[in-house]
Amino acid sequence: MKVKVKAKEKDGVVKAKVLIKHAMETGRRKDKKGVIIPAHHVTEVKAEYKGATIFSAEFGAGVSKDPFVKFQFKGKAGDQVSVSATDNKGQTGKSEATIK
Amino acid sequence: MKISRRDLFVKLGKGAAYVAVLASLPKIAWAKWNAKAFASTDLKAAIEAKYGNMSISDSDKVILDAPEIAENGSVVPITVSSSLPNVSSMSIFVEKNPTPLVTSFAMGKNSINEVSIRIRMGTTSNVVLLVEADGKLHRAQQEVKVTIGGCGG
């Protein structure tokens, strides 16, 4: 699962943007043969800064395809923030960024 | 029960594969995903599954920023924020979605309580934001009109 992170700091506030490439299948769509495509979506996202989780999210199938999330926390430019994600099939993705 | 050698090997192979998958599962400690809340098909049940019987009151200190009209129900941009102290979580529900609980954010000590996300809406519906702070739920809600539904139906 591809995860992209960008983070920028201004006046002690870090604004982070995360993009996860994921089909986010709701489990309600049917394929051309009329067979239901099983649910396959991101379930959790976790952001870590200085060894602690500073933000985490639980997703249901109601989150749009290719989830795009923006969140903020108190931090400093030059530090690292890492974001990891997992889906209902146990697939995972992770990315790190240096705060600009 | 007589079992052919072929069947025996097939069973052993499947058993070994099962063990291999279990052993390779990620070792990151994930928060337990609230399956019951996300599977609830009714707003009240979803809120209860997520938050139990916590009191809910409308508050102007929680802000739900959503468009009045969403052209495309597959991608509705939402921003939620709160000026309350001690916010532990913020959750977004879409009343008329097949499963109303869309997402829930857990806030940390150094979090700033403002998060943006893109969600799916099946049809025109009330969008409800519940912010959990000091053991109480604070609510903001808004109707969002949807012209083309986004649940893939």
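I'll open with chain B: among its contacts between residues at least 6 apart in sequence, 66% join residues at least 24 apart. In chain A, the corresponding share, again for contacts between residues at least 6 apart, is 55%. Please keep in mind that this is a predicted model. The predictor gives the complex an ipTM of 0.95 and a pTM of 0.85.

Confidence in chain B next. Its mean pLDDT is 87, and 84% of its residues reach 70 or more. Which elements of chain B have the lowest and the highest mean pLDDT? Helix α1(B), residues 5-23, has the lowest at 66, and strand β2(B), residues 62-65, has the highest at 98. Then there is the stretch 23-29 of chain B, where the pLDDT is below 50. Beyond near neighbours in sequence, that stretch has five contacts in the model. Where pLDDT is low, the predicted coordinates should not be read in detail.

Now the two chains in outline. Chain A has zero helices and seven strands, so to speak of its order is simply to say β seven times over, β-β-β-β-β-β-β from the N terminus. Its C-alpha atoms fill a box of roughly 55 × 20 × 20 Å along the principal axes. Of its 100 residues, 42% count as buried. Chain B has three helices and nine strands. From the N terminus, the elements of chain B run α-α-α-β-β-β-β-β-β-β-β-β, and 37% of its 153 residues are buried.

Let me go into chain A through β6(A). Is this strand enclosed or open to the outside? Six of its eight residues are buried, so β6(A) is largely enclosed by the rest of the structure. On the pairing side, β6(A) and β3(A) run antiparallel over seven bridges. Within that pairing, A47(A) has V83(A) as its bridge partner. β6(A) also pairs in the antiparallel sense with β7(A), residues 92-98, over seven bridges. Two positions to look at there: A85(A) stands opposite G93(A), and Q80(A) has T98(A) as its bridge partner. β6(A) and β7(A) form a hairpin with four residues between them. In the turn, G90(A) has a positive phi of about 85°.

Leaving aside residues up to four places away in sequence, what does V81(A) touch? The list is V5(A), A7(A), V14(A), A16(A), A47(A), Y49(A), A97(A) and I99(A). A47(A), then, is a contact of V81(A) and a bridge partner of V83(A).

V81(A) also takes us to the core. The largest nonpolar core has 60 residues, and V81(A), I119(B) and L129(B) touch the most other members. Strand β8(B), residues 125-133, gives the most to this core, with six residues. As background, in soluble globular proteins, nonpolar side chains tend to be buried together.

On to the contact between the chains. How many residues does each chain put in? Chain A gives 31 residues and chain B gives 35. On the chain A side, β3 (42-49), β4 (52-59), β5 (68-74) and β6 (80-87) each supply at least two residues. β4(A) gives the most to that side, with eight residues. By type, the chain A side divides into 12 nonpolar, 12 polar and seven charged residues. There is also strand pairing across the two chains: β5(A) and β7(B), residues 111-119, pair in the antiparallel sense over five bridges. In that pairing, F71(A) stands opposite V115(B).

Last, a helix in chain B: α3(B), residues 43-51. Which of its residues are buried? They are A46(B), I47(B) and K50(B). These three cover an arc of only 95° around the axis, which puts them on the same side of α3(B). The general point is that an α-helix has 3.6 residues a turn, so residues three or four places apart point the same way. What covers the buried residues of α3(B) includes α2 (35-39), β5 (87-94), β6 (101-107) and β8 of chain B. Just after α3(B), G52(B) takes a positive phi of about 65°.

That is what I have.

Conventions:
Residues numbered from 1 in each chain as written. Chains lettered and ligands numbered in written order. Predicted model: local features only at pLDDT ≥ 70, side-chain atom pairs only at ≥ 80, totals over all residues. Contact = placed C-beta atoms within 7 Å. Nonpolar A, V, L, I, M, F, W, Y, C, P; charged D, E, K, R; others polar. Pairing = 2+ DSSP bridges. pLDDT = per-residue confidence, 0-100. Buried ≥ 20, exposed ≤ 12 C-beta atoms within 10 Å, placed from the backbone. Core = buried A, V, L, I, M, F, W, Y, C linked by C-beta atoms within 7 Å. Arc of directions from axis to C-beta.
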